[in-house]
Amino acid sequence: MAAGDGRTQVATAVPATSNGSSSQLPLRAGVGLRHPHVLSFLEERPATAFLEVHSENYLGTGGPRRRALFDLARDYPLSFHGVGLSLGSAEGLDPRHLERLGRLFAEYQPTLISEHLSWSVAGGSYLNDLLPLPYTEEALDLVCRNVDAAQTAFGRRILLENPSSYLQFRHSSIPEAEFLAAIQRRTGCGLLLDVNNVYVSAENHGLDALAYLSALPAEAVEEIHLAGHARRPVGDQVLLIDDHGSAVPAAVWQLYEAALALTGPRPTLIEWDCNIPQLSVLLAEAAKADRRLIGLTAAEGQHVA
Amino acid sequence: MSPEPTLAELQAQMRAALLGDDAVSLLDGVVADHIAPAARFASYTNNLEVGLTEVLEAAFPATSRLAGAANFRWAASRFALGHPPAEPRLLAYGADFPDWLADFGPARDKPWLAAVARLEWARNEALFAADAVPLKPEALAGLPPEQVPALRFTLHPSVRLVQADYPIHDLWLGEVDAAALLAQGGAQSVLVLRPAWQVVQLPVARGDAALLAALGAGASLAEAAGAALAETADLDLQQTLFGHLVRGSFAAVQQP
């Protein structure tokens, strides 16, 4: 029986969380909360610095998914990561979706909210992907307007994530890192640096990943994402596909270390969305990030002392 | 080279190309290097098709099993490209799939597939429906018997009724070979609800389904009982009502 067992009791109202929206995530590693692991989290409460969820998965009216997250919000800081706001849509943001998300954030009071520099809505259809933008002055103005609209609707700042991409548009005139820096400057949003995305895009387009990192305003990076990617053969070439379906590869760990050298320790998420492994494997990946973060924190402490 | 498209034009082009239209003008504007623009763009078309197909597979597992996984994936991808989601809540994606499947040429001689898909969509709706504390049997304790006929019940927000000319509950269960079930025939009415964490479903008599449908439409218990007995003359009303109170089919009761 679950009755009397505080850990498995279901929250029927918004919990009085100690992780209020004004605080920050710990400078440690967290994991994405995925369906196969929910029961383990509910029953065992394994240690991890924070949980990140896809906001759109919690926009049902009721049900066990939402209740489980209310329950977990008592013990873990939450980060809500959106995949459907479509900040790059020329037709602007969907006011119904903005309103639903605003209500969701008011209910759960996540510590962080984030979205992507991409688009997914056109002609009234949601295309279920993070589609690439041309980096032009027109697109820059548009994304800034949409980020402003989102931050106004939510009454708080969002973090904007650099995308992975498989193609570039000929008429792009602004390098992606500069484009992100300009949005950050103009809207006051924060940045979510996805190191795997930097690696994937750099490989796919023959760009310099370290130069990309250097072009970002390091102080604006408030969270880091790490993930694995797939390799899709194309003739005798290879395209890297950002599938979040495997362990973080060595090259991405190296780039993460380079990123941390620029930003200092930042809350770091392990994303693993397909071929989802045992929770212990996911937590072991997070521990690898933690070792790098702890090393950095210790080094900084010594430096200050 | 064509003039630079506006962002709105580019997104309209890309939307059309992703959903199966000609990608020529879009690809004209894509950087060509060691990998051809068409091969690069194929990563996005593949993501869209596979991603939405997987969403439908997760929502309709029994339909997929009955159709055969490869057949289902093919049908689902046809549906996805013709009917992409209208909004980013993928938990709401697939509501139109059962009706589409009923009209889908290759499935037209297997109408039970769409019927099972309707049952699965009812389960999906129940899963994400509003939460409510079910009305307990004790709620009616001590009520003067003469007041019972005038009671009006509010169905639990997760309650869904699915009626079909096929044994959809048994087909969904999959414990007996589908061909044998279909040869045997038999219509089934199925009640789906989620009183707490779990979605539950059970086959009910036609009269029971009529009772719930009438109560859900605001009828009094006496009026609903009339509708129920018209469908199933020998329905044990007291037992049926008690069953609903025990399993949580109601959220509230209004006394006259």
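The radius of gyration used here is taken over C-alpha atoms, and the rule for a globule is 2.2 Å times the number of residues to the power 0.38. Because a compact globule of 305 residues would have a radius near 19 Å by that rule, the 19 Å of chain A agrees with it. The model is predicted.

**Chain A as a whole**

- Chain A contains 9 helices and 12 strands.
- The C-alpha trace of chain A spans about 60 × 45 × 45 Å along its principal axes.
- Of the 305 residues in chain A, 47% are buried.
- Counting contacts in chain A between residues at least 6 apart in sequence, 78% join residues at least 24 apart.

**Where chain A touches chain B**

- On the chain A side 40 residues are in contact with 39 residues of chain B.
- β5 (119–122), β6 (125–131), α4 (137–154), β10 (230–234) and β11 (237–241) of chain A each supply at least two residues of that side.
- The most comes from β6(A), with 6 residues.
- By residue class, the side of chain A that touches chain B has 17 nonpolar, 16 polar and 7 charged residues.

**Helix α11 of chain B**

- In helix α11 (residues 221–231) of chain B, the buried residues are B:Leu221, B:Ala224, B:Ala225 and B:Ala228.
- These residues lie on the same side of α11(B), because they cover an arc of only 105° around the axis.
- Exposed residues B:Ala222 and B:Ala230 sit on the face of α11(B) turned away from its buried side.
- The cover over the buried residues of α11(B) includes α10 (206–216) and α12 (237–247) of chain B.

Methods
Residues are numbered from 1 along each chain as its sequence is written. Chains are lettered from A and ligands numbered from 1 in the order in which they are written. This is a predicted model: local features need pLDDT of at least 70, side-chain atom pairs count only at pLDDT 80 or more; totals for chains, interfaces and linings use all residues. Helices (H or I, at least four residues) and strands (E, at least two) are DSSP runs, numbered from the N terminus. A residue is buried if 20 or more other C-beta atoms lie within 10 Å of its own, exposed if 12 or fewer, and partly exposed in between; C-beta atoms are placed from the backbone. Two residues are in contact if their C-beta atoms, placed from the backbone, lie within 7 Å. The arc is that of the directions from the helix axis to the C-beta atoms. Ala, Val, Leu, Ile, Met, Phe, Trp, Tyr, Cys and Pro count as nonpolar, Asp, Glu, Lys and Arg as charged, and the others, Gly among them, as polar.
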